Amino acid sequence: MKNFFLFLSLLLLNYNLFGQAPHLTGNVHIAMTTGQITCDFVLSKIPNLGKDYQILLNKGFNIKSIKDSANVTLEYDGFYNGKMKGEGLVYVPQVKDSTLINPKTLHITYTGAFPIYTDTLNFIDFKGLIAFNGKTLRAADQSKWYPVIYDVKADKLIEQLTYNIAITCDQAETIFVNGDLPKTGPKAIFKSDIPIAPLLFIGNYKTQQTKNAMFLNTNMNKRQLEIFEENIAEIKAYYQKILGSKYDKKNIFIEHQQVEKYNNGRSWGFVTFPVIAFAGLDLGSLVDEKNNRLKDTADYPFIAHEIAHYYFGNVLQPNSKLMWFFLESTAEYLSVKASEAKFGKVYSANYYAKTTKALKNYKAIPLNTIQDMSKINSTYRYNYGPLLLKGLEQVVGEQKTINFLISCLKSKNELTDYDFFKRNALKSGITESDWATYEKNYILSENVTSLIK
Ligand SMILES: [Zn+2]
């Protein structure tokens, strides 16, 4: 179950839906041989959050200075006994012992060095890790390699921004920043006028292209690329058909050498839309060239899950108490649907039989009582949550369940909590009485495995 290892992987909270996105300009220097990253950034168009904001920066960086728009050096809180938020240390600019109100523009310079994991592999890799492996550097938005503004009142990370930055990396053949195209090193300028999470993927690698996708650091032959492309197109077409909403963006697939010691056959992936990144996986080796398909039936749902994050993760950007349910359980449920369309009912029957067996003794907190998003742990979000959606399907039918998902995708700027679940269920045509049956038998149950057919 590769999807188990996608945990810790997704934080796609978007701010541009709620207001103006920040704009990042400046220079980045990366030394592949020492793992040192040095940034000189101006962050402008910071939303007006009054005093209710923080600046988060990966814990591995040391700040040289924070200056205001008049280039005056600011004092800041967090330099001593600092608080952490995820991967980041929390900094707050100060003026006369009080938080600088609505800074709008900040000039931040900092540097830090990160281990190069080669023969001694790390015990864990996840989306928030700044990963040097001697050949490439991967730094996703979640790592906070760039200053991420945290909106305290709304409890939101503003990870997506517009940018115009220059990146220098002496040893790099190719430099890629999500939102722009890969460019030849050692120095290149990257720009995005659309707010996006600027994931970095830099190093000695080649790029490959098909009509609808780009592949970084893969080594596929023409046939493998074609078959891979066909599978992605098929999955996208399926989602488009059932969800009635277009998926016409090109994906960028990244393959990179793991920095974590894996058991045989283990791999993991994450999404920073439109990037789908995999570690410990040779995409070409998934392809059965003779029979024109992916070798293992488990690879199709794995990729289908990641592709489903275009809808649940990008079109809808879940937040609030049921964030993980609306991000992961929906994507997993959809990947089962896509795989059923590919391999027939026998696929979904096996999937649910296996999951219910594995979760026989699982004790779930009912969704309507969840107050803290982290209570939906990885087993809940990837394995138990899809059973709750399957349960809804058993009560109201497949079409109404899909209509419910469509209704969720059409929502704008809403908190994805239990009220959101119920509201969209009713809005999509599920009757009050069916909802009451579903709620009583499935939601309120601490284990639905015996009900799943
Ligand atoms: Zn996922």
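Author: Happy to! One term to begin with: buried means under 20% relative accessible area, exposed over 50%, and partly exposed in between, with a 1.4 Å probe and protein chains only. By that rule aspartate 180 is buried, at 18% relative accessibility. This is a predicted model, so local features need pLDDT of at least 70 and side-chain atom pairs count only at pLDDT 80 or more, while totals for chains, interfaces and linings use all residues. Residues are numbered from 1 along each chain as its sequence is written, and side-chain values use heavy atoms, with hydrogens and water left out.

Reader: Thanks! What does the protein chain average in pLDDT?

Author: The average is 92, and 95% of the residues score at least 70. pLDDT is the predictor's confidence in each residue, from 0 to 100.

Reader: And where does pLDDT stay under 50?

Author: Over residues 1–18. The model has 79 contacts beyond four places in sequence for that stretch, a contact being heavy atoms within 4.5 Å. Where pLDDT is low, the predicted coordinates should not be read in detail.

Reader: Got it. Which residues coordinate the zinc ion?

Author: His305 and His309, each through NE2, and Glu328 through OE, at 2.0 to 2.1 Å. Donors are N, O and S atoms within 2.8 Å of the metal (3.2 Å for Na, K and Ca); water is not among the atoms, so sites may look incomplete. The spacing of the donor residues in sequence is H-x3-H-x18-E.

Reader: Are histidine 305 and histidine 309 buried or exposed?

Author: Histidine 305 and histidine 309 are both buried.

Reader: New topic: in what order do the strands of the open sheet run?

Author: The order is β4-β9-β2-β1-β14-β17, 6 strands with mixed pairing. β4 (62–67) and β17 (187–196) are at the edges with a single partner strand each, so one side of each has no neighbour in the sheet. From one strand to the next, the twist averages 15°; angles run from 0 to 180 degrees between N-to-C directions, with axes as lines fitted to C-alpha atoms, for helices over the stretch in contact. Strands (E, at least two residues) and helices (H or I, at least four) are DSSP runs numbered from the N terminus, and two strands pair if DSSP finds at least two bridges between them.

Reader: How do β1 and β14 pair?

Author: In the parallel sense, over 8 bridges, with β1 covering residues 23–31 and β14 residues 161–169. Isoleucine 30 sits opposite cysteine 169 in β14.

Reader: How many salt bridges does the whole structure have?

Author: A search finds 16, counting a side-chain nitrogen of Lys or Arg within 4 Å of a carboxyl oxygen of Asp or Glu. In one of them, glutamate 87 meets lysine 144 at 2.8 Å, N to O. This pair links distant parts of the chain, 57 residues apart: glutamate 87 is in the loop between β6 (84–85) and β7 (88–95), and lysine 144 in the loop between β11 and β12.

Reader: What about glutamate 398 and lysine 337?

Author: Their side chains form a salt bridge at 3.8 Å, N to O. Glutamate 398 is in helix α6 (residues 398–410) and lysine 337 in helix α3 (residues 323–343), so the pair ties together parts 61 residues apart in sequence. Lysine 337 is buried at 5%, whereas glutamate 398 is partly exposed at 34%.
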